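Hi,

Here is the structure I promised to send over. Have a look at it first, and my notes follow below.

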Amino acid sequence: MYTEEIGLVNPELLEKIRQQFDSSPYPKTPVEISPKEDFNALFIHNYLTPYYLRNQALINPKEVAILDVGCGSGYKTLILAEANPGATIIGIDLSEQSVSLARERLKFHGFPDAQFYRLPLDEVSQLGMKFDLINCDEILYLMPDLTQALKTLRTALKPMGILRGNLHSLYQRHNFFRSQQLFHWMGLMDGNPEANEIQIVLDTMKALKDDVPIKRQTWSPQQAEERPEEYVLMNYLFQGDKGYTLTQLFESLRGANLEFICMTNQRDWDLMSLFQDPQNLPEAWSSSLPELSMEDRLQLFELLAPVHRLLDFWCGQFGQTPQWEMPRYWQPIEWDQVRVHLHPQLKSAIAKSALITAIQQQQSFDLSQYVTGAASSQAHVFLSPNLAAALLPLWDEPQLFSALVDRILTVRPCDPVTLEPTDPQRAAQDLRDAVINLELSLHVLLERNSVLQSAVTV
C-alpha cells in the first residue's frame, strides 16, 4: 500500500502510514499463491475490459504499458501481469519492504522483467514514460487532495490511457470511520500501531455486547480470527483513511480534467434493480428517470442503497470516448463480417471442459460461474446446449458471426417438434440476440468490420 501527501503535505501522517506498511506490508497473501484461477479479478485487471467498454474495440496486450500505483506486496501487480501477458509492468510504492516483497513475488511467478520502485506518486514523472493503464487500487482515499492526486496521475496517462481508481464510500463505511475516531481518542493511533495496540482493539471489540452499535455494525469474528493483524490495521487503526461520496468523486474528476467511463461493477449499480416493480413506478420517478444522466443515476443509487464499500471506477483523458453504435442497431449485412471473440479470461481449459460436458449431457451452461463479467454479481448467464455447441469454437479462436450461424444450423438442422428445416434467417436472428446479450456482459467481444461499417453509414 502506498500514499503520498499531495499539495497539503502532512509529514507526520505520511510517516505514520509509511511505518504502518513497512511493518505490515499489504496484502499478506503468501508469495506462492497464484491468481490464475481468480477469473473475475483477472477480468477487472485486464486492460482489454475497460478499453472495450470505452472504445468498442480490441487491443493487443503486448503493446500495453501498465503502472501499478501503490503496488504494496505485489499481489495486484501479479494479477495485472497474468491478465495482460506480454505487457510492460511497473509498480511503485512508498514502502521499501512492500516493494521488496513485490519483486520477489513477480519473479517467483515468472515475471522477472516487472520493474518496481520506491517512489511517491507526485514523482511519477521520474519514470520517464506514459502508460496505457494506471491501476490505483485502494490508494486514493488516503490522499488529502483527491483532485490534485488525479491531476498528477493524468500526466502519466497516454492520450487514450485509462485510469482505474477507487475510494472508500463515506456512507457504506461510516461505522468504521466512527470506530477509528474512538481508537484515536484512546491513543492507539498516535504512532505506528503495533501488536499491543492491535490486541487492545481485539479485546475491546470482544468485550462489548453484541448489540452495541459499533460492534454490531463493524465486527466480523471470522475475519478477526483468521487474520487479526490485517483486519484491525486495515479497518479500525487505518492511518489516513477517509470516505467519499459519488458527488465528490465526479467533482474531482472534472477538476482533474478526467472523463468518467463507468464503474468497474457498473451492473451492480443498476438503479432500477432497487424497485419492486420497475415497470410500475410512482409518477415522480417514472417521469424523471429517463432524463437522468449516468452520474445522476449512480448518485441516486448511492443515496438509496449504500452497499458498496468501494466507489470503484474507470476514467480516462477528457474527450477520448468515441461515439459508437450499440450492436443491436447494426445492420444484418454488417453482422456477416462481425468477428466474435471470447473474453480472454474465459479461455481456460477448466471452462472449456465443463462446457463440453454440458453439451454432451444436454444441460444449460452457466458462464458466470467462471467470469461474472460486466453482468450483475447477482445474475447468472446461461447458455442453452445448442447455443453452447454453436459457440464452442470461440474457445479455440475468434469466429466470424456467419460461421457461427452455419454451425448452429448444423447443430440444429430442424425443428425438434415439427421436423421442419430450421429457417436460416430466424436462426441468425436468434443467434444475434444471444450474442448481443453476451456482449452486454462482456463474455464475448465484437470486432466490427470498419470498412463495411463506413459503407453502411454512408
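Cys315 is buried, with a relative accessibility of 0%. Please keep in mind that this is a predicted model. The cysteine sulfur closest to that of Cys315 belongs to Cys136 and sits 9.7 Å away, which is too far for a bond. Cys262 is buried as well, at 8% relative accessibility. For Cys262, the closest cysteine sulfur is the one in Cys315, and at 11 Å that is again too far for a bond. A disulfide needs two cysteine sulfur atoms within 2.5 Å, and by this rule the count is 0 disulfides.

With a relative accessibility of 30%, Met326 counts as partly exposed.

Finally, a word on confidence. The protein has a mean pLDDT of 91, and 95% of its residues reach 70 or more. Residues 1–9 have pLDDT below 50, and the model gives this stretch 47 contacts beyond near neighbours in sequence. Another stretch, residues 451–458, stays under 50 in pLDDT, and here the model has 8 contacts beyond four places in sequence.

Happy to go through any of this with you.

Best wishes

Conventions: Residues numbered from 1 in each chain as written. Predicted model: local features only at pLDDT ≥ 70, side-chain atom pairs only at ≥ 80, totals over all residues. Heavy atoms only, no water. Buried < 20%, exposed > 50% of the residue type's maximum accessible area, 1.4 Å probe, protein only. pLDDT = per-residue confidence, 0-100. Contact = heavy atoms within 4.5 Å.
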